[in-house]
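Please look over the sequence and the model before reading on.

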Amino acid sequence: MTSKKSINVGIIGFGTVGSGTACILIENADIIKRRLGIPVKLKKIADLDIKRDRGVKLGDVQLTNDAKGLITDPDIDIVVELIGGYKPAKEFILDAIKHKKHVVTANKALLAVHGEEIYAAAQKAGVTVGFEASVAGGIPILRSLRDGLAANQIESIYGIVNGTCNYILTLMTNEGRKFDEVLKEAQAKGYAEADPTFDIEGIDSAHKLAILTMLAFGTPVKFEDIYTEGISKITPLDIDFARDLGYKIKLLAITKKARGEVEARVHPTMLPGDFSIATVDGVFNALNVVGNAVGSTMFSGRGAGDMPTGSAVVSDIMDIGRDILSGCAGRMPVAAFREREPLKIRKMEDITSCYYLRFAAMDKPGVLSRISGVLGKNNISIESVIQKGRGAAEAVPLVMMTHEAVERNVRSALAEINTMDCVAGPTMVIRVEEGQK
Ligand code: NDP
Ligand code: HSE
């Protein structure tokens, strides 16, 4: 045990998450002290703009423009990086590690791309990097993978890990609202990334999936190997078809281990309406984790926003505080495994799935058999067919649900079908997952 009187913290970045974190450290100071035995003191906050009112009563916390000075302040034990992005966040974190500071960050974009370098530097310096807030906001999913589920071989994770997309899809589904209008709302509420294309094109979910995959399987992950597709092409028509078929469309981050390889992919997915995570709406995130001992588990909660994300940041600060007090900082390897296993990420063409295919088909005799002929030739078996509307002059939506098929075969079939004269445009493809309830 040390004779420390307090755990001292400095935050860089006083935006949405920085404000939530400061607010929790100040307003919940009593419960935090009771849990730790000594206070956690927020000493300094660094931001580019220290004049703007962030709505937090700071008391004697020092506001500064000098992030480097905060990092080198000998009084500070834990540096919390909440500015986001790659530069200068990476330099700040590596500099803090060099100065033997423990680090807490919510920066999934940085960890997904430069995580290995940061974890190695921390390991070498004997300090901890906490990043609970980087995946699924307030849900303690990373801690659960590291600790609570540590006895398991993880079999699969299905995650709704982007609050902005879940918010958009929910309001489009339940209220018939327009995509752009709901995105603006999510931005105003502080859910969206600085660049919202990261949210809607699935990149933010892929960043989080890289972290989940690393912790689930103990493997380093190359971010560029993750297949990524967003929700910007989903139309109200697809949402209606999904509803008629008993499904909901969610942007899913999926990771599974099979035959010595890992699947890691992000794409819009049709899920049975009664599958646990499909019922989770709005800005809420949800993860279905299947372990070989525990079976199917479900986690849900707010995936973005100042206070839920701040809750995760402060939990890391407290965890590190406990390790400092017991003199065992670095007890848990940052990447959760002492022995890691490099695994190959399966090529997207090699995965198997069921598919929803919506063709813009001319409503003429023989069209159905021409399309199904190409699918059959590519070893794709059709489960059901729905056509909406009639009219010889214009294309009508023709939906086919397939049995399980290989992605490569689906791509090859669609490359042929999309050029046929009976089809008026590219086919909409949504993968279908039944999941474990
Ligand atoms: P914000 O943009 O709200 O806040 C970032 C703050 O950092 C701003 O005040 C910004 O100032 C300041 N800043 C930028 N560069 C510097 C610098 N060089 N030195 C000091 N301050 C700087 O972002 P969020 O709080 O939303 O996000 C922070 C991190 O948390 C990101 O990595 C994000 O991905 C992650 N995250 C966010 C969640 C959310 O719900 N918002 C949820 C989970 C994770 P200025 O505005 O003047 O540029
Ligand atoms: N932009 C992210 C989201 C923030 O919408 O989920 C939380 O990581």
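## Basis of the report

The structure is a predicted model. Every distance, area and angle below is computed from that model.

## Surroundings of ligand 1

Which residues come closest to ligand 1? The closest are Thr16, Val17, Asp47, Glu193 and Gly305, out of 24 residues that surround the ligand. Sorted by class, this shell holds eleven nonpolar, eight polar and five charged residues.

At Val17 the backbone takes part: one of its N or O atoms is 2.8 Å from an oxygen atom of ligand 1. Glu193 uses its side chain instead, with a polar atom 2.8 Å from an oxygen atom of the ligand. The side chain of Arg54 also has an N or O atom 3.3 Å from an oxygen atom of ligand 1. On its own, ligand 1 has 900 Å² of accessible area, and the protein covers 79% of this. The space that ligand 1 takes up is the largest pocket.

Which atoms of Thr164, Tyr191 and Lys208 approach ligand 2? In Thr164, a side-chain N or O atom is 2.6 Å from an oxygen atom of the ligand. In Tyr191, a polar backbone atom is 2.7 Å from a nitrogen atom of ligand 2. In Lys208, a polar side-chain atom is 2.7 Å from an oxygen atom of the ligand. Ligand 2 exposes 250 Å² when taken alone, and 94% of that is buried by the protein. The space of ligand 2, too, is the largest pocket.

## Salt bridges

Side chains that carry opposite charges can pair when their charged atoms come close. How many salt bridges does a search of the whole structure find? The search finds 34.

One salt bridge joins Arg243 and Asp240, whose closest N and O atoms are 3.1 Å apart. Both residues belong to helix α11 (residues 236–244), and because they are three residues apart there, about one helical turn separates them.

## Backbone geometry

Most peptide bonds are trans, and most residues other than glycine have a negative phi. Two places in this model depart from that pattern.

The peptide bond from Lys87 to Pro88 is cis, and its omega is near 5 degrees. Pro88 sits in the loop that runs between β4 (78–81) and α4 (89–98). Lys100, which is not a glycine, has a positive phi, near 65 degrees. Lys100 is found in the loop between α4 and β5 (102–105).

Terms used
Residues numbered from 1 in each chain as written. Chains lettered and ligands numbered in written order. Predicted model: local features only at pLDDT ≥ 70, side-chain atom pairs only at ≥ 80, totals over all residues. Heavy atoms only, no water. Polar contact = N/O pair within 3.5 Å; in protein donor to acceptor, adjacent residues only side chain to side chain. Areas by Shrake-Rupley, 256 points an atom, 1.4 Å probe, with all protein chains shown as cover. 1 Å grid on protein atoms, 1.4 Å probe; cavity = no way out; pocket = protein on both sides within 12 Å on 5 of 7 lines; lining within 4 Å. Sits in = over half its atoms within 2 Å of the grid points. Salt bridge = Lys/Arg side-chain N within 4 Å of Asp/Glu carboxyl O. Helix = DSSP H or I, 4+ residues; strand = E, 2+ residues; numbered from the N terminus. Near = heavy atom within 4 Å. Nonpolar A, V, L, I, M, F, W, Y, C, P; charged D, E, K, R; others polar.
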